[in-house]
Amino acid sequence: MSSIGMDAKLFSLHRPRQVADRLGLDESWLLRLSEELRTAEGRSNYIREFTLFDPRPGKKPRDIISVRGDLRLAQRRLHQRLLSHSIEPTPYSHGGVRGRSIKTNAGQHARNRFVYLTDIANFYPSIHSSRINDFFKSNGCLPAVARLLTSLTTLDYHLALGLITSPILAEAIIQPVDRRIAVACDRQGLVYSRYVDDICISSKHSLHGSGIDATVRTILRQSGFKVRVSKDRFIRVDEGCAVTGVRIHRGRLSVTPSYIGELETDLSSALSFARGGHHTGLFFTKEQLWGRVQFVRWINPGRAKPLIRLFRQIPWRRYRVAASQSGLIAAKAFFAERKSYVL
């Protein structure tokens, strides 16, 4: 079983100067940045808050942050020179891990017939800064250093979406959960995987009544997390199960029929519009549509062939001219800035 390996040389940090040297930054510069992040006025120099709106049906707005300037530099150095060399995700984790993806995540369950799906509620915000501070202290950092590193990697006393270091630190904190759930699954002959906050457990036999859902909830609760009970699902694979957006069908990975259907509709609409017809629904650029075709090709090359043929039938120059004349705007997510942090 893989684990998070801590190299003593990397995390044996007793003074802020050692941190600065490891990151290739000036100690006074790093301490000044840490102090500025303690005030709303200081943080406004490095952090902007946005709400991300996705025009596609069923997509909810998401609050995110954008990091810039000195904090972005410090975050990047922390990730590259300290954390990525020390934290090794477990074999059950497939999100944000090099060589793994939603495809490898779903592939773990391709040979099974039944799945249990759920997700961790408020994953990043539920990881309090005190847990990050304890993580650094327990891995060779003296208190002053742990406080410095925590101030540079948390906001509003928790991990935040938008900080470069949040995913890898979340992996460090979630490792005991992965181990415990994996052990519980091994006892019952089940397969476990996690993609960031999405949990999937599969079996050749029905999971109803197995108690694995209660076990997962208990482990998460004892570790400071909660499941989003509304997302709990027990599904038969032959009912068209999709794991992190990838369908498992007869032991193979595919794209969901709804994704294919929507893409075919959008491509047909683009073809009609380029030939002088009226445009209905959301407008997508050539690049957006090709990206979706490539996604299908990546998951299931055979399903992509008719989509590629349809894509190539579209006279894209006429499509762009018609869009320009009609004043259409591409249907893509957009950001709206929110008020600054108030402490």
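Reader: What makes Ala106, His109 and Val237 count among the contacts of Ile248?

Author: Contact means that heavy atoms lie within 4.5 Å, and, leaving aside its neighbours within four places in sequence, Ile248 is in contact with Ala106, His109, Ala110, Val237, Cys241, Val243 and Leu253. Val237 and Ile248 are eleven residues apart in sequence and 6.5 Å apart in space, C-alpha to C-alpha. This is a predicted model, in which local features need pLDDT of at least 70 and side-chain atom pairs count only at pLDDT 80 or more, while totals for chains, interfaces and linings use all residues. Residues are numbered from 1 along each chain as its sequence is written, and side-chain values use heavy atoms, with hydrogens and water left out.

Reader: Why is Ile248 called buried?

Author: Buried means under 20% relative accessible area, exposed over 50% and partly exposed in between, with a 1.4 Å probe and protein chains only; Ile248 has a relative accessible area of 0%, so it is called buried.

Reader: Why is the pair of Tyr92 and Tyr192 called tilted?

Author: Rings of Phe, Tyr and Trp (its six-membered ring) pair if their centres lie within 6.5 Å, and planes under 30 degrees apart count as stacked, over 60 as edge-to-face and the rest as tilted. The ring centres of Tyr92 and Tyr192 are 5.6 Å apart and the planes stand at 40°, so the pair is tilted. Both Tyr92 and Tyr192 are buried.

Reader: How do you know that the rings of Tyr259 and Phe295 are tilted too?

Author: Their centres are 5.3 Å apart and their planes stand at 55°, so this pair is also tilted. Tyr259 itself has a relative accessible area of 24%, and it is therefore called partly exposed.

Reader: What makes the charged end of Arg292 sit over the ring of Phe284?

Author: A charge sits over a ring if NZ of Lys or CZ of Arg is within 6 Å of the ring centre and within 35 degrees of the ring normal. The charged end of Arg292 sits over the ring of Phe284, 4.9 Å from its centre.

Reader: Why is helix 12 called roughly antiparallel to helix 13?

Author: Angles under 35 degrees count as roughly parallel, over 145 as roughly antiparallel, 65 to 115 as roughly perpendicular and the rest as oblique. Helix 12 and helix 13 (residues 301-313) pack at an angle of about 155°, with their axes 6 Å apart, and that angle makes helix 12 roughly antiparallel to helix 13. The residues that make this contact include Leu289 and Trp290 of helix 12 and Leu307 and Phe311 of helix 13.

Key:
Axes are lines fitted to C-alpha atoms, for helices over the stretch in contact, and angles run from 0 to 180 degrees between N-to-C directions. Helices (H or I, at least four residues) and strands (E, at least two) are DSSP runs, numbered from the N terminus.
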